Amino acid sequence: MMTISIPAVHSIINERISKRALDPDRPVTPETLLSLIEAARWAPSCNNEQPWRFIFWDKNKDQSNWHKAFSCLAEGNQIWVQHAPVLAVSLAYQLNKKGLPNYWAQYDTGAAALNLCLQATALEMIAHQMGGFDPKQLMEAFSLPETITPMSMIAIGYPGDTQRLPEKLQIREMAQRERRPVNELFFESSWNHPIKN
Ligand SMILES: Cc1cc2nc3c(=O)[nH]c(=O)nc-3n(C[C@H](O)[C@H](O)[C@H](O)COP(=O)(O)O)c2cc1C
């Protein structure tokens with residue numbers, strides 16, 4: 001049988017990891033934040049609509065609004081996000097330039113968020129996306145219009161001491177990362193016809 005060697009992926013893809021141990025004492029400079037923003041800004045989008053919106057909360061600049069955003073997170077996230085110097089939310093603006101529903105708004109917002117995460121990886125930072133938050137609470141807290149859908153909150157900062165995490169999270173932090181096999185998710189020519197690797 002022929003063996004196909006698996007191609008290596010770019011190191012930035014390998015190195016992007018959703019770590020939880022954040023350094024509470026290392027703030028994110030405005031320049032660094034702008035670099036993450038720039039990365040998100042250059043994401044591709046359908047018709048170049050750029051439907052993403054982001055709100056950032058810097059704990060060192062505006063503790064009150066940082067806390068307001070933090071309070072929207074699920075308890076399981078708050079345990080480790082408490083050390084994040086910056087919090088963000090990615091938002092999808094649901095209408096296109098013509099005022100019609102944009103089917104790709106959420107898809108494109110995900111692309112922008114991933115661009116931000118990859119840029120953070122390049123800067124040896126952590127950008128950890130979270131679905132564990134209350135979108136309704138967030139919308140009310142920050143008076144977001146109905147045309148906006150909150151997609152993910154993102155904890156941003158620098159790697160910290162894993163030992164400061166609760167034991168359960170330390171174990172998760174050290175665990176081997178896993179992915180489903182190629183043949184479960186990637187098909188050739190027709191539905192459910194797996195690509196063999
Ligand atoms: C949309 C989205 C929501 C997520 N929600 C959470 C979350 O609420 N809490 C958390 O700790 N991690 C969350 N994660 C991180 C995932 O658990 C993580 O991406 C996944 O386990 C793969 O690990 P990796 O990012 O290190 O490759 C989320 C990731 C994404 C993209």
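Visitor: What stands opposite S90?
Guide: That's S152 in β4. The pairing of β2 and β4 is antiparallel, over 8 bridges.

Visitor: What makes two strands count as a pair?
Guide: DSSP has to find at least two bridges between them. With 8 bridges, β2 and β4 pass. Strands of a sheet pair through backbone hydrogen bonds, and they can do that either parallel or antiparallel. Before we go on: this is a predicted model, where local features need pLDDT of at least 70 and side-chain atom pairs count only at pLDDT 80 or more, while totals for chains, interfaces and linings use all residues. Residues are numbered from 1 along each chain as its sequence is written.

Visitor: Which other strands pair up with bridges?
Guide: β1 and β2 are joined by 7 bridges, with W52 opposite A92 in β2. β3 and β4 (residues 148-157) share 5 bridges, and M130 has M153 in β4 as its bridge partner. Both of these pairs run antiparallel.

Visitor: Why are β1 and β3 placed at the edges?
Guide: The open sheet of 4 strands goes β1-β2-β4-β3. β1 (52-58) and β3 (126-130) each have a single partner strand, so one side of each lacks a neighbour in the sheet. From one strand to the next, the twist averages 25° (axes are lines fitted to C-alpha atoms, for helices over the stretch in contact, and angles run from 0 to 180 degrees between N-to-C directions).

Visitor: Why is β2 called mostly covered?
Guide: Of its 8 residues, 7 are buried. Buried means 20 or more other C-beta atoms within 10 Å of the residue's own, exposed means 12 or fewer, and partly exposed is in between, with C-beta atoms placed from the backbone.

Visitor: Buried or exposed, what is N192, and how do you know?
Guide: N192 has 6 C-beta neighbours inside 10 Å, so it counts as exposed. Its place is in the segment after α8 (182-185), and its phi is near 65°, positive though the residue isn't glycine.

Visitor: How do you know whether α5 has the span expected of a helix?
Guide: The expected span is 1.5 Å times one less than the number of residues. α5 (residues 105-122) has 18 residues and reaches 26 Å from first C-alpha to last, close to the 26 Å expected. Helices here are DSSP runs (H or I, at least four residues) and strands are too (E, at least two), numbered from the N terminus. The buried residues of α5 include D108, A112, L116 and C117. Among the elements covering them are α2 (30-41), β1, β2, β3 and β4.

Visitor: Which residues are around the ligand, and what makes them count?
Guide: They are I17, S18, N77, Q129, M130, G131, G132, S152 and R177. To count, a residue's C-beta atom, placed from the backbone, must lie within 6 Å of the molecule. This shell divides into 2 nonpolar, 6 polar and 1 charged. Nonpolar covers Ala, Val, Leu, Ile, Met, Phe, Trp, Tyr, Cys and Pro, charged covers Asp, Glu, Lys and Arg, and the others, Gly among them, count as polar.

Key. Contact = placed C-beta atoms within 7 Å.
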